[in-house]
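Trainee: I'm new to this one and would rather learn one part well than skim everything. Pick a single spot and take me through it slowly, please.

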Amino acid sequence: MSALSVVIITFNEEKNIARCLDSVQGIADEVIVADSFSTDKTREICSRYPDLVFFQHEFDNYGNQKNRADARAKHDFILTLDADEALSDDLRAEIVRLKQTGFKHDAYMFHRLTNYCGKWIKHCGWYPDKKIRLWNKNAGEWNADGVHEKLVLKPGTKTLQIKKDILHYSFYTIAQHMATINEYSSRAASTRYQKGKKFSFFKMMGSPVWKFFSSFILRGGFLDGYYGYVICRNSAHSSFLKQVKLRELWEKK
């Protein structure tokens, strides 16, 4: 049977972390939690789980934090989860089967199903949201992108897609979503600015329109009802904010 290390990064995740940890009980040979000095009950909750490796490190970006945690894993194969995620029963059973037969591929890609304000979202471009989350740590590492970290695998890596779901409990309120949009659009604008990208009036006008049309119409956001509309409108607003914040950075220079 193959051994498996589960790696999770946290910051003020008292609302989510127990669900995440419960979902990997019985399949993880070790669990590593890298915490960015949470000020809530995250550490206390983690202490209730025996043999869990908990350490704290100042946060700089998601990729670097995950790489730090991965470096502490004793086993070659890592299952990486965000604290607001959990394994579905079907995916959990599939991972048990993979462990029993031995991992035949270097990496495994899963689908991610997001819960938004209590509703599972199956359109809007949010599903199946394919993610590589089970992989051999010798086959790659996370990049240090300031907005969306990505697992970069070495050439020739063999990846298998498994059509089972990671359950993602993203936002409990619309206000929480808006706060995240504000934070991420600032990071995205900063990254673009550092790369020398210029503000575009036409992108400011056109990208929000296209984003809403593509997510709500082409990707079936309307099928998700009220919250599908909210998500698509917020996505369009995020595109707008990235452009105006980029302009603001150039003006400050």
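**A pocket and the helix beside its strands**

Mentor: Let's start with the second largest pocket, where strand S2 (30–35) and strand S3 (52–56) each supply at least two residues of the lining. Keep in mind that this is a predicted model, so local features need pLDDT of at least 70 and side-chain atom pairs count only at pLDDT 80 or more, while totals for chains, interfaces and linings use all residues. Residues are numbered from 1 along each chain as its sequence is written, and side-chain values use heavy atoms, with hydrogens and water left out.

What do I mean by a pocket? On a 1 Å grid over the protein atoms alone, a cavity is a set of points where a 1.4 Å probe fits but cannot get out, whereas a pocket is an open set with protein on both sides within 12 Å along at least five of seven lines; lining residues have an atom within 4 Å of a point. This one has a volume of about 220 Å³, with points joined across faces, edges and corners and the volume taken as the space filled by probe spheres set on them. Its lining has 13 residues, and Ala28, Glu30, Val31, Pro50 and Asp51 lie nearest the centre. By type, the lining splits into seven nonpolar, two polar and four charged residues (nonpolar: Ala, Val, Leu, Ile, Met, Phe, Trp, Tyr, Cys and Pro; charged: Asp, Glu, Lys and Arg; polar: the others, Gly among them).

S2 and S3 turn up again when you look at helix H3, whose buried residues pack against both of them, as well as strand S1 (5–10), strand S4 (77–82), S8 and S9. Helices (H or I, at least four residues) and strands (E, at least two) are DSSP runs numbered from the N terminus. The buried set in H3 is Gly63, Gln65, Lys66, Ala69 and Asp70 (buried is under 20% relative accessible area, exposed over 50%, partly exposed in between, with a 1.4 Å probe and protein chains only). Viewed down the H3 axis, these residues fall within an arc of 165°, so they line one face of the helix; the arc is that of the directions from the axis to the C-beta atoms.

Now zoom in on Lys66. Its side chain meets that of Glu149 in a salt bridge (2.9 Å, N to O). Lys66 sits in H3 (residues 62–71) and Glu149 in the loop between strand S9 (140–142) and strand S10 (151–153), so the pair ties together parts that are 83 residues apart in sequence. Lys66 is buried at 2%, while Glu149 is partly exposed at 21%. A salt bridge here is a side-chain nitrogen of Lys or Arg within 4 Å of a carboxyl oxygen of Asp or Glu.

Glu85 and Arg133 form another one, at 2.5 Å, N to O. That pair joins strand S5 (residues 85–87), which holds Glu85, to strand S8 (residues 131–136), which holds Arg133, 48 residues apart. Glu85 is buried, with a relative accessible area of 0%, and Arg133 is buried too at 5%. Through shared partners, salt bridges join Lys66, Asp82, Glu85, Arg112, Asp129, Lys131, Arg133 and Glu149 into one network.

The count of salt bridges comes to 13. One of them pairs Glu44 with Arg48 at 3.3 Å, N to O; here Glu44 is partly exposed at 42% and Arg48 is exposed at 56%.

Notes:
Contact means heavy atoms within 4.5 Å.
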